[in-house]
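Here are my notes on this one, point by point. Have a look at the model first, then read on.

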Amino acid sequence: MPPDNHATVLVVDFGAQYAQLIARRVREANVYSEIVPNDITPEEIAGRNPAGLIFSGGPKSVHVEGAPAIDPAVYELGVPVLGICYGAQLVAQQLGGIVDRSGRGEYGRAELERIGTSTLFDDEAPATQQVWMSHFDAIVEAPEGFTVSGSTPDAPVALLEDDDRKIYGVQFHPEVVHTPLGQRIIERFVHNVCGLAGDWNTADIIEESVHAIREQVGDGRAICGLSGGVDSAVAAALVHRAIGHQLTCVFVDTGLMRRGEGEQVVDTFQRTQGIELIHERAADEFFEALAGVEDPEDKRKVIGEKFVRIFERAQGGLTDAKFLVQGTLYPDVIESGTKDAAKIKSHHNVGGLPDDMEFELVEPLRGLFKDEVRAVGSALGLPDEIVWRQPFPGPGLGVRIIGDVTRPKVAILQHADAIVREEIASAGLEREIWQAFAVLADIRSVGVMGDERTYARPIIIRAVTSEDAMTADWARLPHDLLETMSNRIINEVDGVNRVVYDITSKPPGTIEWE
């Protein structure tokens, strides 16, 4: 829960993965936001006393059987409402408007024409602006009491407003970057309509988390598994801020980390942060457990269970440690599947844990996005080389090797990956690229090196730009940079004779290959 002196905007999730992005945009307006399910009751909402409600989009039509809805009594609470896409259609349908199920769909960029004045647009907003659409049904008649303030060629009611009841709807998606002025709409709603000052910030995240951790752990002991990535590092620092010596970190050297990261983790947390650290060298155990395992979901489960078993063993004298700290983020949770969102893949720190795990989870970052995590890490005093480290999957290089995982394959990938990251850094692109890494494919290709025929593995380079990992675009790296990477990998890494570059965005792909 937020600190007592900060109001909350609740984002009601109707099954769209963009619900998380909406919550993030509200937070970017310095207003605290939380996600709630669409079966929340009017009484539960009233009990939370929110300053505003935002209805997310969703994958369904309001006309299909079983389509998610909200109790219409919510509109009588006097809480301002903003419906987005499906949320706007739901508002229109429930309050007496007409949503047409036979019209032509509208996907991608569209031109919105303003009609008259609008509460959601300031006076300086252009009369015509670009918005991002993703809908098949369309609102064709606004409910009584609403003013139509904007339309597009295929959405006659693209913006509807009832200032008296403070209920609004937009057919487009203001939360995505493809709607350039979308953030201004969200800010107008939370600041002007909901009347919020916009004074929630990183300090409040830390204060809130420290309070919640102390409430959960009490005088008990916790252990934290350090993976070497940003998320587990920030989670450890945050929990240490809350409970101090009650935390012991366990760094499990799985043999699946990037080159040189193990040594840096030990140095940072033992020497710089002064956190008690148990260093478990367990590479042999992980390689043995992964022998012959090829399915990516099975790999995640094997790695997740092995982590927990090693944690249990590493407790040693800490027999009273009942809490396990993990760096789970909100994108991890939504990708692993929620009540209304389809499962994309399980994460080892979400869905890959064994059912008989003996720990209670402490996940202080579970509601945060990556940019918020980095801000928290900096505020907690973690060094830049930790805070700005590129995201790394919990299962490590085990899910960047297609097929079974062996020591020789890991050695190949560690070397190639180090070259990719070195060249990205040399080009000054570290903070422009969300992730840049190498993938080892489970195939071989013919090549010629010197005067000899080779039959070796290809390395796939993956580099993407993103704001939150919910969506991502392939990075347009300079050709000479790609050429340098390719030449170095082929010349310096044994067992590789071909390099390719992945130009797939998310969606339809994911950032990781497995």
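1. A quick rule before the rings: those of Phe, Tyr and Trp (its six-membered ring) pair if their centres lie within 6.5 Å, with planes under 30 degrees apart counted as stacked, over 60 as edge-to-face and the rest as tilted. By that rule there are seven aromatic pairs, and ring pairs join Phe14, Phe55, Tyr75 and Tyr86 into a cluster.

2. Some housekeeping. This is a predicted model, where local features need pLDDT of at least 70 and side-chain atom pairs count only at pLDDT 80 or more, while totals for chains, interfaces and linings use all residues. Residues are numbered from 1 along each chain as its sequence is written, and side-chain values use heavy atoms, with hydrogens and water left out.

3. What does E1 pair with? Strands pair if DSSP finds at least two bridges between them. E1 runs parallel to E2 (residues 32-37) over six bridges, with Val9 opposite Ser33. Four bridges join E1 to E3 (residues 52-55), also in parallel, and Val11 has Ile54 as its bridge partner there.

4. Tyr32 in strand E2 and Trp200 in the loop between helices H4 (182-193) and H5 (202-217) are 168 residues apart, and both are buried.

Key. Helices (H or I, at least four residues) and strands (E, at least two) are DSSP runs, numbered from the N terminus. Buried means under 20% relative accessible area, exposed over 50%, partly exposed in between (1.4 Å probe, protein chains only).
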